[in-house]
Amino acid sequence: MGQLVGIFIGAMLVNNFTLAYFLGLCPFFGVTGRLVTAFRLGLANIFVMLITSLAAWLLETFVLVHAPYLRLIAFIVVIASTVQFVEMFIKKVSPALFRALGIFLPLITTNCAILALALFQTSRAYGLVQGLVFAFGAGCGLTLALVLMAGLREEAELSDVPSLIRGTAMNLLVAGLLSLAFMGFAGLFGASS
Amino acid sequence: MSAAGTGPGSGREPSQLYAELIKGVWKENPIFVQVLGMCPALAVTNTALNGVAMGTATLFVLACSSLLISLLRNLIPKQVRISTFIIVIATFVTVADFTLQAVAPAVHRELGAFISLIVVNCLILGRQEAFASKHPVHLAVADAIGMGAGFTLALTSLGSLREILGKGSLFGFPLFGDSFQPWVIMILPPGGFLMLGMMLLAFAWFKEKRQKALLRLDEEAA
């Protein structure tokens, strides 16, 4: 149990996917204009990560032991098609949830955080439960980063910033400060990489 | 986050091949102008050598994928083109991954999962979708090499600056004496964000200055 908590906290705070590993930067800079959108994207991310973790574990345990050199291709193809399938399923079963996640589901598939999750899980030899906890933690961390960033940007929108720095440069500097703050979690639970 | 490149028209028309080759290096630089492929650009550029290795691996994958996609562009059905691109890219990334592991194990260990993650670099998929799948082979390869070179240039300069400030060395050779106090934060994750932010800021400043100077020239001429 203690180990699971360690994995969760480690993935969410100490080694936050976005702010410490630079994964999933496209949505981090692309869709953090509004808080609500950022939060929904985060939820969709958690969801896709859990599915990915399960799919990657199944693949690794039953198929890829026989052909490890196909790992990358198998992961990306299986993840993309699984997410597409789940998307159709949700659309049929729960239109409300589908509307909430919306366009983000298919986009997330090509997010580097998802593939990285599968690769990290494999290289650290996590089991099924550990993998799912890791995925949930990483997803929560991503959501946290997205929501924080969106909040900061909504605030910056209203403040008096020199026109020169507006846009990508300011977002990067803000992200740098956020990342600096997250470094404060280093060493928590002894969960360094 | 949009593709730039419609600057003031150049006076004479250079050959198209040359134009496609050169545009990625500076005018449409993937990192500094288009802001694509950020994840690897920030994650592995804590030293200049890592920047070069990552840039070269990306260049290789981009050039090979563009070559193959451009050759197959009339055979790939429109509905499944994205999946086809991804599979082609993943194949070449696997090649690059194993090659690097055999040739430079130390660098491979340092870059870790980020070599595999070239698959989901939006720059590569973007070039296939926007260029290679619509243009003949020689132009597609020229475009890929230009973009890859621009990417490598950006990663190397970012890595060099971070290494100089954070470690006081360049490509592993110490530059300053013993009295140098390294600015450690620069080689840690926050340094990546801060350094790229400052570089973009500097470029924006130069651009504004140049535009003002041009404006003044126009006014004087009028």
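Let's start with a pair of helices in chain B: α1(B) and α7(B) cross each other in a right-handed way. Before going further, keep in mind that you're looking at a predicted model. Helix α1 of chain B covers residues 16-23, and helix α7 of chain B covers residues 137-167. Two packed helices are described by the angle between their axes and the distance between the axes. Here the angle is about 25°, and the axes are 6 Å apart. Angles under 35 degrees count as roughly parallel, so α1(B) is roughly parallel to α7(B).

Who does the touching? On the α1(B) side you'll find Gln16(B), Leu17(B), Glu20(B), Leu21(B), Ile22(B) and Lys23(B). Facing them from α7(B) are His138(B), Leu139(B), Ala142(B), Asp143(B), Ile145(B) and Gly146(B).

Now zoom out to chain B as a whole. Its elements are 8 helices and 2 strands, and from the N terminus on they run α-α-α-α-α-α-α-β-β-α. The C-alpha atoms of chain B fill a box of roughly 65 × 60 × 25 Å along the principal axes. Out of its 222 residues, 44% are buried. If you take contacts in chain B between residues at least 6 apart in sequence, 75% of them join residues at least 24 apart.

The two strands, β1 (169-170) and β2 (173-174), have a loop between them, and Phe171(B) sits in that loop. Its phi is near 50°, a positive value in a residue that isn't glycine. Is Phe171(B) buried or exposed? A residue counts as exposed if 12 or fewer other C-beta atoms lie within 10 Å of its own, and Phe171(B) has 12, so it is exposed.

For a contrast, look at helix α6 (residues 122-130) of chain B, where Cys122(B), Leu123(B), Ile124(B), Arg127(B) and Gln128(B) are buried. Cover for these residues includes α3 (48-71), α4 (81-103) and α7 of chain B, together with α2 of chain A.

Chain A has 9 helices and 0 strands, and along the sequence it reads α-α-α-α-α-α-α-α-α. Its radius of gyration is 17 Å, close to the 16 Å that the globule rule gives for 193 residues, so chain A is as compact as a globular protein of that length. Its C-alpha atoms fill a box of roughly 60 × 45 × 30 Å along the principal axes, and 44% of its residues count as buried. Among contacts in chain A with a separation of 6 or more, 79% are between residues 24 or more positions apart.

Leaving out residues up to four places away in sequence, Leu188(A) touches Ile9(A), Leu13(A) and Val14(A). The C-alpha atoms of Leu188(A) and Gly6(A) are separated by 8.7 Å, although the two residues are 182 residues apart along the chain. With 13 C-beta neighbours inside 10 Å, Leu188(A) counts as partly exposed.

Chain A has a positive phi to show you as well: Ala125(A), not a glycine, has one of about 55°. You'll find Ala125(A) in the loop between α7 and α8 (128-158). It is exposed, with 9 other C-beta atoms within 10 Å.

Finally, how many residues meet between the chains? There are 32 residues of chain A in contact with 32 residues of chain B. On chain A's side, α2 (25-30), α4 (71-93), α7 (112-123) and α9 (168-182) each supply at least two residues. The largest share, 8 residues, comes from α9(A). By class, this side of chain A has 26 nonpolar, 6 polar and no charged residues.

Leu72(A), Ile73(A), Ile76(A), Val77(A) and Ala80(A) make the contact from α4(A), while the residues from α4(B) include Ser83(B), Ile86(B) and Ile87(B).

Definitions and conventions. Residues numbered from 1 in each chain as written. Chains lettered and ligands numbered in written order. Predicted model: local features only at pLDDT ≥ 70, side-chain atom pairs only at ≥ 80, totals over all residues. Contact = placed C-beta atoms within 7 Å. Helix = DSSP H or I, 4+ residues; strand = E, 2+ residues; numbered from the N terminus. Nonpolar A, V, L, I, M, F, W, Y, C, P; charged D, E, K, R; others polar. Rg over C-alpha atoms; globule rule 2.2 N^0.38 Å. Buried ≥ 20, exposed ≤ 12 C-beta atoms within 10 Å, placed from the backbone. Axes fitted to C-alpha atoms, helices over the stretch in contact; angles between N-to-C directions. Parallel < 35°, antiparallel > 145°, perpendicular 65-115°, else oblique. Left-handed = near helix turned anticlockwise from the far one by under 90°.
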